[in-house]
Amino acid sequence: MKNQFLFQFSFLKPLLVLFLFTGYVLQAQTPKGKLFIIGGGDRSDVLMKQVLSVADLSKKDYIVVLPMSSEEPDSSFIFFKNQMVKLTSNPIVMLNFNAATAQNKTLTDSLQKAKLIFISGGDQVRFMNVVQNTPIKTAIQKAYENGSTISGTSAGAAVMSEKMITGNQKLQKEYSGTFDNIRYDNLETAEGLGLLKTAVIDQHFLKRNRYNRLLSALAEFPALTGIGIDESTAIIVRNNQIEVAGESEVIVVRNPKGIAKAKQNNLISIESLQMSIYTAGQKFNIK
């Protein structure tokens, strides 16, 4: 009887370990926080009130601004603060990290405990050069996992996804700002914050006509959902559900079929894909 029990336990033990591990992974993949991702441009008071509503700040909570994307971080912070002090009484502080302060535990702990973290516009590569492989990135990720709202605009939107569009081309580096066609292995990407793992974000989308750039991303990463957010517009991410806010539209492209690379010039053909257009109040799901 004892041997039979030991045999049964030894048989079930791997299943128990697998069950516990799977449960842990599922729990780790479901953050308690939310994302409020703005496509750049003007930020109306109405839109920023929505940020505060989503963040649901208590009286003791504070807001941290990360301005490292900007060439003028102080100006970015002042512009944000001047608008927000009209809308909330919660403290608003700037943490302008650099190589010297990236390892400062007091500062990164303060960042992790912020209920609302806002990432300014500018250059997403500049921002990630400061935070990549540092406790800053870990603090942002843990804050999100623990229930904080992470918001950002323009470059601060681009950094949200795991696959981050840098804005540069590989094949014509001198024309990095404009993508005049859709080509394979032309879009430069880098590692972002990884808060969105199943989608790639592009910003200023309709205003700057960035279809070619986002479609290039989708052709190279067909398992991802491409989300183009226009100016003065945002997406609110709650786990896998996304709601649109703001004044313009959000373009979503996904499920490309029949992707092929032409023999010349790295041009791409796609037989079919799903494209959707959403306006404020509408919702959609990602994987």
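**Close-up 1. Serine 232 sits in the loop between strand S9 (225–229) and strand S10 (233–238).** The model is predicted: local features need pLDDT of at least 70 and side-chain atom pairs count only at pLDDT 80 or more, while totals for chains, interfaces and linings use all residues. Residues are numbered from 1 along each chain as its sequence is written, and side-chain values use heavy atoms, with hydrogens and water left out. Strands (E, at least two residues) and helices (H or I, at least four) are DSSP runs, numbered from the N terminus. Serine 232 has a relative accessible area of 11%, so it is buried (under 20%; exposed is over 50%, partly exposed in between; 1.4 Å probe, protein chains only).

**Close-up 2. The surroundings of serine 232.** Glycine 39 lies 193 residues away from serine 232 in sequence, yet the two are 6.4 Å apart in space, C-alpha to C-alpha. Serine 232 touches Gly40, Gly41, Asp42 and Leu47, and also Gly246, Glu247 and Ser248. Contact means heavy atoms within 4.5 Å; residues up to four places away in sequence are not counted here.

**Close-up 3. Phenylalanine 80 and phenylalanine 118 form a stacked pair.** Rings of Phe, Tyr and Trp (its six-membered ring) pair if their centres lie within 6.5 Å; planes under 30 degrees apart count as stacked, over 60 as edge-to-face and the rest as tilted. The count by this rule is three aromatic pairs. In the pair of phenylalanine 80 and phenylalanine 118, the ring centres are 4.4 Å apart and the planes stand at 25 degrees. The pair links distant parts of the chain: phenylalanine 80 belongs to helix H3 (residues 73–84) and phenylalanine 118 to strand S4 (residues 116–119), 38 residues apart. Phenylalanine 80 is buried at 1% relative accessibility. Phenylalanine 118 is buried at 2%.

**Close-up 4. Tyrosine 278 stacks with phenylalanine 284.** Their rings are 4.6 Å apart, centre to centre, with 20 degrees between the planes. Tyrosine 278 is buried, at a relative accessible area of 13%. Phenylalanine 284 is buried too, at 4%.

**Close-up 5. The second largest pocket has a volume of about 230 Å³.** A pocket is an open set of points on a 1 Å grid over the protein atoms alone, where a 1.4 Å probe fits, with protein on both sides within 12 Å along at least five of seven lines; lining residues have an atom within 4 Å of a point. Of the 13 lining residues, Gly41, Arg43, Phe79, Gly121 and Thr153 are the closest to the centre of the second largest pocket. H3 gives the largest share of the lining, three residues.

Note on methods: Points joined across faces, edges and corners; volume = space filled by probe spheres on them.
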